[in-house]
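Subject: Structure handover

Hi there,

Here is the structure I promised to pass on to you. Have a look at it first, and then read on for my notes.

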Amino acid sequence: MNTPTPAPLSAFDKARKGLWTSLQKHLDTVYAAEKDFRAATAFTTSFPFSAAQTEPEQLADYQQQRLYLRDLFIDETNQLDSLVKAVRTKSYQEDEKKLLLLMILGYIDIADSIFALLDTQRPSKLEKDEELEETTAKFERVKNFVRLNIKGISGLLPKL
């Protein structure tokens, strides 16, 4: 007996499968960074914490893990921005674009909860970080843009 050969994947199916694989890899990286960051903050349960009352080794480990998480946040935000723009410019059907954006939004929501640690689990005195502030604003714009496109602009307009 001959087994039927599967039909070749459409461009959208290839994109969906590739996006799923990519998002899983990114999640693995983000979860690993979260685990390391939380381990570096295990010396306290009270945030913001006093850096002056922290052992120098603990503070150095914390700063190293914070810097890694911060840099990962910047990289992920830039990649998300490019990815969302790419989805919007592809010639997929609107429902297909919404499905891809919904997958991205799921990742964004998970990543957002992890990257929020940069703001919540920090020392009481922290130098101003303009790049982090700009990235946080960009991340919010990307997240809001994705939500808007999933809902659809027509869904926001009053019915006439």
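Leaving aside its neighbours within four places in sequence, which residues is threonine 77 in contact with? This is a predicted model, and in it threonine 77 touches Thr135, Lys138 and Phe139. Threonine 77 itself belongs to helix α2, which covers residues 56–89. With a relative accessible area of 1%, threonine 77 is buried, since the cut-off for that class is under 20%.

**Helix packing**

The crossing in which α2 passes α5 is left-handed. On the α2 side, the residues that meet α5 include Arg66, Arg70, Phe73, Ile74 and Thr77. Among their counterparts in α5 are Glu131, Leu132, Thr135, Lys138 and Phe139. Sorted by class, the contact of α2 with α5 has nine nonpolar, five polar and six charged residues.

Helix α5 also packs with helix α3 (residues 94–115), at an angle of about 145° and with the axes 9 Å apart. The crossing of α3 and α5 is left-handed. Here α3 contributes Lys98, Leu101, Leu102, Leu105, Ile108, Asp109 and Asp112, while the α5 residues include Phe139, Val142, Lys143 and Val146. By class, the contact of α3 with α5 has eight nonpolar, one polar and seven charged residues.

**Salt bridges**

How many salt bridges does a search of the whole structure find? The search gives 13, and a few of them deserve a note here.

Arginine 70 forms a salt bridge with aspartate 129, with 2.5 Å between the closest N and O atoms. Because arginine 70 lies in helix α2 and aspartate 129 in the loop between α4 (117–120) and α5, this pair ties together parts that are 59 residues apart in sequence. Arginine 70 counts as buried at 13% relative accessibility, whereas aspartate 129 is partly exposed at 22%.

Arginine 70 forms a salt bridge with glutamate 131 too, the closest N and O atoms being 2.9 Å apart. That pair links arginine 70 in helix α2 to glutamate 131 in helix α5, 61 residues apart. Glutamate 131 is partly exposed, with a relative accessible area of 41%.

Lysine 143 in helix α5 and aspartate 112 in helix α3 are 31 residues apart. Is lysine 143 buried or exposed? At 9% relative accessibility, lysine 143 counts as buried, while aspartate 112 is partly exposed at 23%. Elsewhere, salt bridges with shared partners join Arg70, Asp71, Asp129 and Glu131 into one network.

**Aromatic pairs**

The whole structure has seven aromatic pairs. One of them is the tilted pair of phenylalanine 37 and tyrosine 62, at 5.6 Å centre to centre and 50° between the planes. Phenylalanine 37 lies in helix α1 (residues 11–40) and tyrosine 62 in helix α2, so the pair ties together parts that are 25 residues apart in sequence. Phenylalanine 37 and tyrosine 62 are both buried.

Phenylalanine 47 and phenylalanine 49 form an edge-to-face pair, 6.1 Å centre to centre with 75° between the planes. Phenylalanine 47 is partly exposed, with a relative accessible area of 28%, but phenylalanine 49 is buried, with 4%. One aromatic cluster is formed by Phe37, Phe43, Phe47, Phe49 and Tyr62.

Best wishes

Conventions: Residues are numbered from 1 along each chain as its sequence is written. This is a predicted model: local features need pLDDT of at least 70, side-chain atom pairs count only at pLDDT 80 or more; totals for chains, interfaces and linings use all residues. Side-chain values use heavy atoms; hydrogens and water are left out. Helices (H or I, at least four residues) and strands (E, at least two) are DSSP runs, numbered from the N terminus. Buried means under 20% relative accessible area, exposed over 50%, partly exposed in between (1.4 Å probe, protein chains only). Contact means heavy atoms within 4.5 Å. A crossing is left-handed if the near helix is turned anticlockwise from the far one by less than a right angle, and right-handed if clockwise. Ala, Val, Leu, Ile, Met, Phe, Trp, Tyr, Cys and Pro count as nonpolar, Asp, Glu, Lys and Arg as charged, and the others, Gly among them, as polar. Axes are lines fitted to C-alpha atoms, for helices over the stretch in contact, and angles run from 0 to 180 degrees between N-to-C directions. Rings of Phe, Tyr and Trp (its six-membered ring) pair if their centres lie within 6.5 Å; planes under 30 degrees apart count as stacked, over 60 as edge-to-face and the rest as tilted. A salt bridge is a side-chain nitrogen of Lys or Arg within 4 Å of a carboxyl oxygen of Asp or Glu.
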